[in-house]
Amino acid sequence: MLGFFVATVVDRWKTIFGNIGFIDSAALYVTSSVQGTDEETRMHRRNLIRYLCLTQVLVLRDISMRVRKRFPNLDAVIAAGKQQFSKFVDTFKTRSL
């Protein structure tokens with residue numbers, strides 16, 4: 001009986017952990033898909049990866065209490081040095097109202 005319970009808990013944890021979106025594969029896809037060496041292309045790639053990082057923070061805010069305490073609202077994300085995301089966050093705020 002205990003083995004069944006442990007197996008169920010571990011399986012549920014693995015499923016939840018597997019469903020969390022990590023940006024590694026998406027970042028590699030962006031890096032390989034957006035090709036070019038000029039400054040504009042580099043900035044496009046960099047901004048896409050920054051948006052992926054912001055999305056990761058927003059998702060983890062909903063999952064982890066530790067991240068929720070670090071970033072209690074979107075203004076805390078901006079205050080933490082994420083000013084380059086301010087336009088994206090502003091559009092996110094207006095859409096979520």
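Helix α2 passes helix α3 in a right-handed crossing. Keep in mind as you explore that this model is predicted.

**How α2 and α3 pack**
- Helix α2 covers residues 24-33, and its axis lies 10 Å from that of α3, at an angle of about 165°.
- Angles over 145 degrees count as roughly antiparallel, so α2 is roughly antiparallel to α3.
- On the α2 side, the residues that meet α3 are Ala-26, Ala-27, Val-30 and Thr-31.
- Their partners in α3 are Arg-45, Leu-48, Ile-49 and Leu-52.
- Sorted by class, this contact of α2 with α3 has six nonpolar residues, one polar residue and one charged residue.

**A closer look at Ser-33**
- You will find Ser-33 in helix α2.
- Ser-33 has a relative accessible area of 41%, so this residue is partly exposed.
- Along the sequence, Ser-33 and Arg-45 are twelve residues apart, while in space their C-alpha atoms are 9.4 Å apart.

**The largest nonpolar core**
- Seven residues form the largest nonpolar core: Leu-54, Val-57, Leu-58, Phe-71, Leu-74, Ala-76 and Val-77.
- Two elements each give two or more residues to this core, namely α3 (39-63) and α5 (74-79).
- As a general rule, nonpolar side chains in soluble globular proteins tend to be buried together.

Terms used. Residues are numbered from 1 along each chain as its sequence is written. This is a predicted model: local features need pLDDT of at least 70, side-chain atom pairs count only at pLDDT 80 or more; totals for chains, interfaces and linings use all residues. Side-chain values use heavy atoms; hydrogens and water are left out. A nonpolar core is a set of buried Ala, Val, Leu, Ile, Met, Phe, Trp, Tyr and Cys residues joined through side-chain atoms within 4.5 Å. Buried means under 20% relative accessible area, exposed over 50%, partly exposed in between (1.4 Å probe, protein chains only). Helices (H or I, at least four residues) and strands (E, at least two) are DSSP runs, numbered from the N terminus. Axes are lines fitted to C-alpha atoms, for helices over the stretch in contact, and angles run from 0 to 180 degrees between N-to-C directions. Angles under 35 degrees count as roughly parallel, over 145 as roughly antiparallel, 65 to 115 as roughly perpendicular and the rest as oblique. A crossing is left-handed if the near helix is turned anticlockwise from the far one by less than a right angle, and right-handed if clockwise. Contact means heavy atoms within 4.5 Å. Ala, Val, Leu, Ile, Met, Phe, Trp, Tyr, Cys and Pro count as nonpolar, Asp, Glu, Lys and Arg as charged, and the others, Gly among them, as polar.
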